[in-house]
Amino acid sequence: MEMPVFEALNVETLPLRLGQNTTLLQRLGEDWRSWKVREVGDGNLNLVFIVEGSAGSAIVKQALPYVRLVGESWPLPLKRSFFEYHALTRQAARDPGRVPEVFHFDGEQAIIVMEFLSPHIILRRGLIEGNQYPNAARDLGLFLARTLFRGSDFSMKAATRKADVALFADNVELCDITESLVFSDPYFNAPLNRHTAPQLDGLVAALRADRDLKVEAQRLKHLFATKAETLLHGDLHTGSVMVTPAETRVIDPEFAFYGPIAFDVGMLLANFWMNYLAQQGHEQDDNRRDMRRYLLEAIETIWETFRSEFSHLWRTERNGILYQRALFEDQDDSLGAEQALDQVLHDIWQDMLGFAGIEMHRRILGLAHNADFELIEDPDLRARCESKALKLGRHLACNRRHIHSLAEINGLVERLEKEITL
């Protein structure tokens, strides 16, 4: 039997291709010829369309057989949509209501049809514009704790988790992107690298000659590649979150795989710190003081909510093969369980800081930059903002074992923000 030939969707062909799907007809309206389709994808990898019909709307996301940001010279397998679909279903079960509902999945054509989130906007965009979201930090802290704990050997049955590890282990190509673009490429003159030049040239040269930094980056890569603790989102930044003032949703888990718990946490917090250090490039007449305060408070809320909820789940849902209750609570030794929890959280804290530091470097020195800095039009001002994030990233990666609180880090961030020169 011949496999169907992959065909990329466009606004004209989408209704013809999907108009016979019973689930979509129920969601959007029976008259598929009247569906309104517009392409909205501006990401690095995929096609994304909004489809509106008489009965409702949906998002149609299709993977392409290459990296969209680069083009056909960088091939990429369509199976990444398979991993995104399976990650979404698991995240929906582990933190209900925090990811878009999936209506339809076509693995052969790499298509996922899911809930259209409206009037949500991308969190990164809102933060750049100076908007504050009162529920986002707590929601994200809960999402991190619930998905990371419930996808681990702390919670899952061993056989189920091992089967899941085997399933997601095949997400090889997207892991390779992370392993290269995040942990290695920023630290040498890789072909796809770019940075604000010539303003950052001196600092970039110093970082690439920094032996301690390169060793730490590779130690963190070692953790990423070998510490299969839990099912990660794998690309959790402020561009993977959609918000309203009342609601927070997490999207785009196509990089999902089993890795260290601290990775998702560090990636997310790094993007909040970077947004803080980019605020100078977006404000008018020093009008972002409240925004800066909000961002630092959000970082503290994410971490404290994560710690609190992770601890709650440890005490109530620790039914896996690690730190078994038979060794602690069942022997009337709850203090032993608490001692173990403290050590686990301490390890997550240290690793989280390291991953956060590396994320800052790759977003400024590697291929995939973020809009926080990129939308600063004045290159001198952009470079000043970026240089502060590079310095912070180096400090977090190299000194994470000696950093004891977010207050310590946030104090450094405030001092860096006031620096005038590179």
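1. Start with helix α8. Its buried residues pack against α9, α12 and α14. Those buried residues are Val204, Leu207 and Arg208. They cover an arc of only 95° around the axis, which puts them on the same side of α8. Note that this is a predicted model.

2. The spacing on such a face follows a general rule. An α-helix has 3.6 residues a turn, so residues three or four places apart point the same way. Keep that in mind for the next helix.

3. Helix α9 covers residues 211-226. It has 16 residues and spans 23 Å from first C-alpha to last, close to the 22 Å expected at 1.5 Å a residue. Which residues of α9 are buried? They are Leu213, Glu216, Ala217, Leu220 and Phe224. Viewed down the axis of α9, the buried residues fall within an arc of 100°, so they line one face of the helix.

4. The other side of α9 looks outward. Arg211, Asp212, His222, Ala225 and Thr226 are exposed there. The buried residues have a cover that includes α7 (172-181), α8 (201-208), β12 (257-259), α10 (261-278), α12 (334-365) and α14 (379-399). Look also at the start of α9. A side-chain oxygen of Asp210 comes to within 3.2 Å of the backbone nitrogen of Asp212.

5. Now turn to strand β7, residues 111-114. Ile111 and Val113 point one way, while Ile112 and Met114 point the other way. Are these four residues buried or exposed? All are buried.

6. Strand β7 has two pairings to check. Strand β3 (residues 57-63) pairs with β7 in the antiparallel sense, over 4 bridges. Here Val60 has Val113 of β7 as its bridge partner. Strand β6 (residues 102-106) is also antiparallel to β7, and 4 bridges join them. In this pairing, Phe105 stands opposite Ile112. β6 and β7 form a hairpin with 4 residues between them. Ala110 sits in the turn and has a positive phi of about 55°.

7. Another sheet deserves a look. It is open, with 3 strands in the order β8-β10-β11 and antiparallel pairing. β8 (121-122) and β11 (248-250) are the edge strands, since each pairs on one side only. Strand β10 (residues 241-243) is joined to β11 by 3 bridges. Within that pair, Met242 has Arg249 as its bridge partner. Helix α5 (residues 136-150) lies across β10 and β11, and runs at about 40° to β11.

8. Ser240 lies in the loop between β9 (230-232) and β10. Its relative accessibility is 2%, so Ser240 counts as buried. Beyond neighbours within four places in sequence, Ser240 is in contact with His233, Asp235, Arg249, Val250 and Ile251. One of these contacts has a polar part: the backbone oxygen of Asp235 lies 2.9 Å from a polar atom of the Ser240 side chain. How many residues separate Ser240 and Ile122 along the chain? They are 118 residues apart, but their C-alpha atoms are separated by 7.3 Å.

9. Finish with Glu254, in the loop between β11 and β12. Glu254 is buried, because its relative accessible area is 6% and the cut-off for buried is under 20%. What does Glu254 touch, leaving aside neighbours within four places in sequence? Its contacts are Leu45, Asn46, Lys61, Arg80, Phe83, Glu84, Asn171 and Leu174.

Methods:
Residues numbered from 1 in each chain as written. Predicted model: local features only at pLDDT ≥ 70, side-chain atom pairs only at ≥ 80, totals over all residues. Heavy atoms only, no water. Buried < 20%, exposed > 50% of the residue type's maximum accessible area, 1.4 Å probe, protein only. Pairing = 2+ DSSP bridges. Expected span 1.5 Å × (residues − 1). Arc of directions from axis to C-beta. Contact = heavy atoms within 4.5 Å. Polar contact = N/O pair within 3.5 Å; in protein donor to acceptor, adjacent residues only side chain to side chain. Axes fitted to C-alpha atoms, helices over the stretch in contact; angles between N-to-C directions.
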